[in-house]
Amino acid sequence: MLENGLRKILYKDELSLYFQPIIDLQSNKVITIEGLLRWNHPVMGWIPPAKFIPIAEENGLIIPIGTWVIEQACRQLQMLASNGYDYINVAVNLSIRQFYQPNFVSMVANIISYKRINPERLHFEITESMTADVQLTTAILKDLKSLGVYISIDDFGTGYSSLSYLRSFPINTLKIDVLS
Amino acid sequence: MIIFMAHKLGLKVIGEGVETSEQAKFLTENGCDMLQGYYFSHPLSEDELLCYLRKKPILNN
């Protein structure tokens with residue numbers, strides 16, 4: 001049932017992105033907002049990403065959903081800039097399958113160019129589980145970074161917990177959970 | 001420790017999942033650069049976000 005609904009998710013407008021503020025402690029201002037997926041199912045109501053993202057990873061729908069998320073992030077950057085908040089970044093999560101698509105970096109480059117956004121304002125969050133192949137991850141991250149975007153490692157410390165490999169990754173930020 | 005090492009590598013650190021003022025204080029004192037969590041705000045729709053951005057200040061230092 002979830003899977004069938006998921007196939008129609010994008011053209012039926014059931015998916016939306018909500019934004020959680022990230023506060024910069026030096027300026028005491030919102031410096032970034034993280035876009036988080038919400039699926040409003042017509043029958044089942046709100047379905048949390050933890051429930052449908054694994055299905056979407058499995059059946060490949062994560063690719064169009066992931067592209068949609070990046071487009072929405074860029075749309076949000078335009079909205080923020082037009083409201084005088086051109087200093088605020090928008091961060092979105094990347095999924096493992098999306099990240100390893102051969103055309104992933106060129107897809108991002110395309111969106112940045114047609115949405116005409118400042119790439120420095122677009123931040124991507126990856127997880128430690130996506131970095132298992134250090135060489136390949138480093139290569140993709142370098143290509144991605146060359147577009148001007150920022151990269152964070154989400155949930156750091158819960159997976160491989162190795163600070164040493166961080167040296168080879170062109171990343172900007174670590175996210176740590178208060179409870180981990 | 002992670003925060004100290006991250007700074008040594010030139011990385012910024014975001015503390016997420018912050019739900020209480022004690023947690024915010026702890027992470028701030030331990031050198032986090034940025035904080036995120038329900039203590040500050042739950043995920044917002046576009047309209048709610050604009051309202052949130054207009055009201056200041058965020059922390060009562």
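Guide: What follows is a close look at one helix and its neighbours.

This is a predicted model, in which local features need pLDDT of at least 70, side-chain atom pairs count only at pLDDT 80 or more, and totals for chains, interfaces and linings use all residues. Residues are numbered from 1 along each chain as its sequence is written, chains are lettered from A and ligands numbered from 1 in the order in which they are written, and side-chain values use heavy atoms, with hydrogens and water left out.

Our subject is helix 3 of chain A, residues 62–82, where a helix is a DSSP run of H or I with at least four residues, numbered from the N terminus. Begin inside the chain, where helix 3 of chain A packs against helix 5 of chain A, residues 104–115, at an angle of about 30 degrees and with the axes 10 Å apart; axes are lines fitted to C-alpha atoms over the stretch in contact, and angles run from 0 to 180 degrees between N-to-C directions. The two helices are therefore roughly parallel (under 35 degrees; over 145 is roughly antiparallel, 65 to 115 roughly perpendicular, and the rest oblique). Their crossing is right-handed, meaning that the near helix is turned clockwise from the far one by less than a right angle. On the side of helix 3 of chain A, the contact (heavy atoms within 4.5 Å) is made by A:Thr67, A:Ile70, A:Glu71, A:Cys74 and A:Gln78, while helix 5 of chain A brings residues including A:Phe104, A:Val108 and A:Tyr114. By class, this contact has seven nonpolar, two polar and two charged residues (Ala, Val, Leu, Ile, Met, Phe, Trp, Tyr, Cys and Pro are nonpolar, Asp, Glu, Lys and Arg charged, and the others, Gly among them, polar).

Helix 5 of chain A in turn packs against helix 6 of chain A, residues 134–145, at about 15 degrees with the axes 9 Å apart, so this pair is roughly parallel as well. Here A:Phe104, A:Val105 and A:Val108 of helix 5 of chain A meet A:Ile140, A:Asp143 and A:Leu144 of helix 6 of chain A, and the contact divides into five nonpolar, no polar and one charged.

Now turn to the other chain: the axes of helix 3 of chain A and helix 3 of chain B, residues 46–54, come within 12 Å and cross at roughly 40 degrees, and these helices are therefore oblique to each other. Helix 3 of chain A passes helix 3 of chain B in a right-handed crossing, with A:Arg75, A:Gln76, A:Met79 and A:Leu80 meeting B:Glu46, B:Leu49, B:Leu50 and B:Leu53. By class, five residues of this contact are nonpolar, one is polar and two are charged.
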